[in-house]
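User: I want to know what stands behind the labels used for this structure. Take me through them one at a time.

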Amino acid sequence: MLKKLIATVLILTMALTALTACSGTPAQSNDPGKSDPVVSNDPGSSAPEVTAGTTALGGTLKTVETFMYPSLDPVKDYYSWHSQKYGLTESLFRLTDDIEVVPWLAEGLDIADNVATLTLKDGVCFSNGNPLTADMVKRNMLRLAENNKRFYYLNDFQLDVTDEKTLVITMPTALPTLRNELANPEFCMIDLDNSTDIDNNPICTGPFKVETFVPEGDLTLVRNENYWDGDVILDSVTFYAMSDEQSKLMAMQNGEIDAYDNITATDIEIYSTDPAAYQLFSVAMQARCYMFMNPDRLDASIREAITLVIDRETIAAFMGGVLTPTYGAFNDDTAYGKSQQPQMNLEAAKAVMEAGGYTLNASNVYEKDGKAIPTIGLYCYAARNIDKIAVLILEQLSNFGIPCEIKLVEDPDGTYMTDPSYEFDICFYRMTTDKTGDPMPFIEGVVMSGSYQDITGYGNAEADAKIEELRFTVDPAKRAEIANDIMKDYYAANVFVSLLCYNRNIVMATGVSNFSEANPYEYYGVTHKTTPATK
Amino acid sequence: MEMVKQNPAATKIKPMLTRSQRKHQRLKRKTILWAIIVSLILVFSFFATYFTPNDPYETNPLAMRQGPSAEYPFGTDNLGRCVYSRILEGARTSIFATIMLVIISFFVGTVIGVLCGYYGGVVDDIVMRFTDILLSVPQLVLAIAVAGILGGSLMNTLIAIGITSWTSYARLARSHAMRIRQLPFINACRLTGCSDFHIIITHVVPNLIGPMLVNATLEIGTTMLSIAGLSFLGLGVAPPTAEWGSMVSEARSYLQLAPWAVFAPALAILLTVMLFNYFGESVCDLANSQEA
């Protein structure tokens with residue numbers, strides 16, 4: 001027995017010694033003298049050879065992606081969000097850092113009633129040197145309409161090529177948001193005549209072209225020598241597939257990668273201790289975490305009280321810069337984001353419960369007619385901090401007198417978001433609520449009857465009529481007014497609570513710039529102006 | 001009057017023990033000592049929740065990732081919760097879930113094994129082939145698959161691990177029951193008209209319960225690690241329930257900032273599993289020496 005005790009003590013000592021060696025302070029591990037960056041061993045990252053103006057050309061950027069997909073075909077699913085971030089594809093229009101829609105591959109779009117005339121920029125070409133023509137745009141749009149259900153509506157459009165650079169789009173009815181729609185990453189262009197393997201090596205217009213691609217694995221892109229919008233600074237970009245946050249942190253600290261986005265709160269804290277080695281950027285995204293409340297299982301008083309109990313500021317305080325409190329589906333500085341939900345007000349919540357006939361019992365649980373509120377299930381999933389948000393909301397509601405428990409699911413889209421028989425009380429979801437600088441996509445996808453996220457059964461004829469009016473309204477001020485009206489009613493029903501807005505936190509090694517670090521949309525990343533890390 | 005002097009040594013004659021008897025005595029003492037330690041852990045873990053210095057579930061944004069202090073002996077986690085209190089709270093979850101699973105697996109496996117071993121025949125063949133199939137699949141992989149399908153909760157974790165854990169008991173019980181049923185006294189019982197139920201309860205089970213218990217004590221450590229492993233993978237308890245495996249998993253993401261939040265529950269797992277393993281080993285050694 002003594003031998004075993006000695007062995008135990010020895011093992012513990014060894015374990016502690018080993019762990020001590022692993023737990024250097026961030027400052028220590030970031031010591032340039034100690035690091036051995038992979039980049040510095042890469043011939044591609046050697047000293048710049050050619051200069052263009054004041055910016056040296058050359059170098060390699062290595063970064064990571066949490067999710068890598070089996071294909072690079074931008075019309076499939078949401079893959080274009082990634083291909084655009086890789087610097088492989090570009091859409092007809094794009095959203096600026098200030099959420100303004102500006103032309104990208106397109107020169108302009110003139111809308112007159114239900115007819116829009118799209119003109120393309122001169123000189124835009126694919127990575128093989130072939131020019132982008134209106135006919136290729138038409139064929140790409142038709143391919144998108146055929147392959148992506150979110151764009152089936154394009155099948156109702158009539159597309160007429162009038163010359164090399166002009167495409168006339170005739171819509172069944174006026175679509176005021178067409179310009180915003182064309183800023184979707186899906187409206188990118190592929191050389192369909194010469195791309196023999198679109199899944200693995202599409203020929204596109206971006207500043208980089210595919211060198212190697214492992215489906216659901218790593219991707220290496222090299223400079224597009226025929227890039228239409230100026231010199232491409234980097235020789236190559238590598239995206240490693242890496243989902244574990246600790247691995248990303250250590251890869252960054254070791255110099256194996258130069259930049260990545262969506263860093264965690266604790267990693268922000270670690271990187272911020274060494275401003276000489278790391279640049280940190282944070283911009284509020286349009287992605288939000290929100291929750292739905294099931295009116296069939298929670299009565300109006302409880303739902304209203306819950307809306308008033310949630311303390312978003314405290315939740316955000318725990319999340320250390322990753323999340324910002326939000327009280328609506330759209331930013332309140334937009335014209336269509338003026339309808340907002342109430343802030344935390346415990347007294348008002350108590351009053352609502354009392355008005356609903358509830359009283360607080362000795363166990364600090366609200367009861368009605370001698371019957372305590374049954375435990376409410378908070379259905380959530382362990383990604384993007386949603387489980388942590390649920391834990392904090394559970395505590396807030398339980399302290400108030402509404403007992404809750406967490407129900408973890410692996411995939412919300414396979415359970416409560418799609419399965420009508422899945423009986424939830426409260427469920428959480430995350431989505432980009434303002435994809436193109438217009439409220440319509442969110443309203444159409446969440447509020448409208450029978451929409452994908454109308455899981456609370458809110459959709460009604462009155463709201464649908466307003467949504468139809470919004471669909472065909474051209475005047476921005478009027479559109480904002482209608483959108484605000486729709487959202488006001490939606491919030492008043494207390495079936496939806498906008499909780500927190502995600503921040504796009506990016507860390508970049510010294511020297512890296514133009515990684516779309518100020519853009520609130522996560523589908524922008526590498527550009528032709530992106531620079532490599534300083535060695 | 002003549003005083004008779006008595007030699008005290010002569011009155012208390014110490015019996016001469018053989019070497020194996022001395023070894024047996026030593027093993028017995030060792031087993032008792034480990035049993036006491038393990039019992040203390042069980043008692044402590046049962047009442048641990050009453051000794052938590054802080055609310056293990058209370059979050060505090062002002063106390064996030066604080067190092068060990070008088071207020072928080074093992075520091076705090078990412079949500080400002082007391083790690084020490086959560087370890088104490090988690091002891092009940094981790095240890096008692098393990099003990100419960102071992103008891104259920106022991107009972108189910110023993111019953112199936114005894115019935116198969118005693119009666120034999122087609123049912124025995126079917127059940128044993130089924131156990132062969134279960135044993136041929138790595139236990140943790142199967143548990144991950146089952147837990148993934150059932151969803152995250154402590155009960156589902158126990159089901160996921162329990163699906164395969166009973167098989168080792170069943171095979172062991174079957175082999176002992178097959179041996180015992182062929183012994184002469186069992187035939188004698190049959191000739192006297194004893195029912196099968198009576199024979200199993202009064203003769204078969206008492207004769208195999210020893211090695212079965214030894215096996216059960218050895219399985220405690222493994223089962224505890226399996227539960228912690230599934231929780232670490234996010235397939236165990238639902239948050240915010242305190243459980244050692246899930247605590248390690250949660251704190252892993254901020255290891256560099258708050259290593260105590262990982263090491264404390266990890267050490268709790270390490271020590272508890274080691275103690276239960278030592279206990280199981282000593283019981284096994286004692287049983288072997290008794291047989292010898």
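Analyst: Below, labels are set against their cut-offs. This is a predicted model.

User: Why is B:Val137 called partly exposed?

Analyst: B:Val137 has 13 other C-beta atoms within 10 Å. Buried needs 20 or more, and exposed means 12 or fewer. The count of 13 falls in between, so B:Val137 is partly exposed.

User: Where does B:Val137 lie?

Analyst: B:Val137 is in the loop between helix 4 (121-136) and helix 5 (139-150) of chain B. Its C-alpha atom is separated by 33 Å from that of B:Ala264, 127 residues apart along the chain.

User: What makes strand 17 and strand 18 of chain A a pair?

Analyst: Pairing requires at least two bridges. Strand 17 (residues 366-368) and strand 18 of chain A have 2 bridges, in the antiparallel sense, so they count as paired. In strand 18 of chain A, A:Ala372 is the bridge partner of A:Glu367.

User: Why are strand 16 and strand 18 of chain A called edge strands?

Analyst: The open sheet of 3 strands runs in the order 16-17-18 in chain A, with antiparallel pairing. Strand 16 (359-360) and strand 18 (371-372) of chain A each pair on one side only.

User: Which strands does strand 21 of chain A pair with, and in what sense?

Analyst: Strand 14 (residues 278-293) of chain A runs antiparallel to strand 21 (residues 426-432) of chain A, with 7 bridges. There, A:Tyr290 has A:Tyr429 as its bridge partner. Strand 19 (residues 376-380) of chain A pairs with strand 21 of chain A in the parallel sense, over 2 bridges. A:Leu378 stands opposite A:Ile426 in strand 21 of chain A. The cut-off is at least two bridges, so both pairings qualify.

User: What is the order of the open sheet of 4 strands in chain A, and what packs on the sheet?

Analyst: The order is 6-7-9-8, with antiparallel pairing. Its edge strands are strand 6 (106-112) and strand 8 (158-163) of chain A. From one strand to the next, the twist averages 20°. Strand 6 of chain A joins strand 7 (residues 115-120) of chain A through 6 bridges.

User: What makes A:Ile443 part of the largest nonpolar core?

Analyst: A core member must be a buried residue of a listed nonpolar type, joined to others through C-beta atoms within 7 Å. A:Ile443 is among the residues with the most contacts inside this core of 219 residues. A:Ile443 touches A:Met448, A:Ile467, A:Leu470, A:Ala483 and A:Ile486, not counting residues up to four places away in sequence.

User: How many residues does each chain bring to the contact between chain A and chain B?

Analyst: Chain B brings 23 residues and chain A brings 26 residues. On the side of chain B, helix 10 (residues 260-291) gives the most, with 3 residues. By class, that side has 14 nonpolar, 7 polar and 2 charged residues.

Methods:
Residues numbered from 1 in each chain as written. Chains lettered and ligands numbered in written order. Predicted model: local features only at pLDDT ≥ 70, side-chain atom pairs only at ≥ 80, totals over all residues. Contact = placed C-beta atoms within 7 Å. Nonpolar A, V, L, I, M, F, W, Y, C, P; charged D, E, K, R; others polar. Axes fitted to C-alpha atoms, helices over the stretch in contact; angles between N-to-C directions.
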